Amino acid sequence: MFSTKEQLSKRTGPHGIGRFSYLQALVIEFQDTDSLESKQEVLANLGNFAYDPVNYEYMRTLNVIDLFLDCLDEDDEKLVQFGIGGLCNLCLDKINKEEILKNSGVKLVMKCLSSPNEETVLSAITTLMFLVTPVSRAEITALPIVECMLRFSESTNPRLSNLAKVFLEDYCDRSQIEAAKQVQERLST
C-alpha cells in the first residue's frame with residue numbers, strides 16, 4: 001500500500017515508473033480537455049493518487065492541491081466530490097495541510113457541508129477534522145460549523161450522524177456546543 005521512495009526505487013529499478021510524468025499528464029489533460037466527463041475521470045484519478053505519501057511532493061510541484069481547491073467552487077457536483085475527496089486524501093501531511101489552510105481551504109471545504117451529495121459532505125467533515133491545528137481550530141469550530149454538525153448528528157443517516165458526533169466530541173468544547181444549541185432553539189421558534 002504505502003511505499004517509501006527507496007522501496008519504490010528498489011522495486012521499479014533505476015528508471016522508476018514515471019509517476020511524476022503520469023501525474024503531470026493527468027494535470028495537463030484536466031486543463032486541456034473541454035469534456036466534463038474527462039475532467040471528472042481525471043480528477044477522480046488524481047484523488048486516488050493523493051492518498052499515497054510518495055506522491056505528495058509531486059502533487060505539490062504540479063499544484064494539484066490548488067486544482068482540488070479550485071474544484072470546490074465548481075457547479076458540477078462530481079468535480080466538487082472528487083476535489084474534496086482528493087483534499088481529504090492528502091491533508092494529513094503537514095506541508096499539504098499548511099498549503100490548504102493558507103489558501104482559504106477551510107472556507108471552501110465549509111461550503112461542501114451544504115452539498116446534496118453524501119460523499120461530498122462526509123469528505124468535507126473528515127477534511128475539516130484533519131485540518132485542525134492550534135491555529136485553525138477556532139475557524140474550524142466556529143459557531144456555524146458546530147451548529148451544522150449538531151444538525152448532522154441528529155441525522156437518520158448513520159454515517160453522517162456518527163461522523164458529526166466524532167467532530168463534536170473530539171474538536172468542540174461544551175460552550176461551543178451549547179451556543180450552537182441556543183442558535184437551533186432560536187431558529188425553531
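Author: Welcome! The chain has 13 helices and zero strands. This is a predicted model, in which local features need pLDDT of at least 70 and side-chain atom pairs count only at pLDDT 80 or more, while totals for chains, interfaces and linings use all residues. Residues are numbered from 1 along each chain as its sequence is written, and side-chain values use heavy atoms, with hydrogens and water left out.

Reader: What makes a stretch of the chain a helix or a strand?

Author: Both are DSSP runs, numbered from the N terminus: a helix is H or I with at least four residues, and a strand is E with at least two.

Reader: Why is aspartate 34 called exposed?

Author: Exposed means over 50% relative accessible area, buried means under 20%, and partly exposed is in between (1.4 Å probe, protein chains only). Aspartate 34 has a relative accessible area of 78%, so it is exposed. This residue is found in the loop between H2 and H3.

Reader: And why does lysine 181 count as partly exposed?

Author: Its relative accessibility is 35%, so lysine 181 counts as partly exposed. Lysine 181 lies in helix H13 (residues 174-188).

Reader: Why does threonine 133 count as buried?

Author: Threonine 133 has 18% relative accessibility and therefore counts as buried. You will find threonine 133 in the loop between helix H9 (118-130) and helix H10 (137-140).

Reader: Which residues does threonine 133 touch?

Author: Leaving aside residues up to four places away in sequence, threonine 133 touches Lys97 and Leu101. Contact here means heavy atoms within 4.5 Å.

Reader: Why is helix H5 described as largely enclosed?

Author: H5 covers residues 64-71, and six of its eight residues are buried, so the rest of the structure largely encloses this helix. The buried ones are Val64, Ile65, Leu67, Phe68, Leu69 and Cys71.

Reader: What covers the buried residues of H5?

Author: The cover includes H2, H3, helix H4 (56-61), helix H6 (77-90), helix H7 (94-102) and helix H8 (105-111).

Reader: How many of the residues in the whole chain count as buried?

Author: Of the 189 residues of the chain, 46% count as buried.

Reader: How far does the C-alpha trace span?

Author: Along its principal axes, the C-alpha trace of the chain spans about 65 × 35 × 30 Å.
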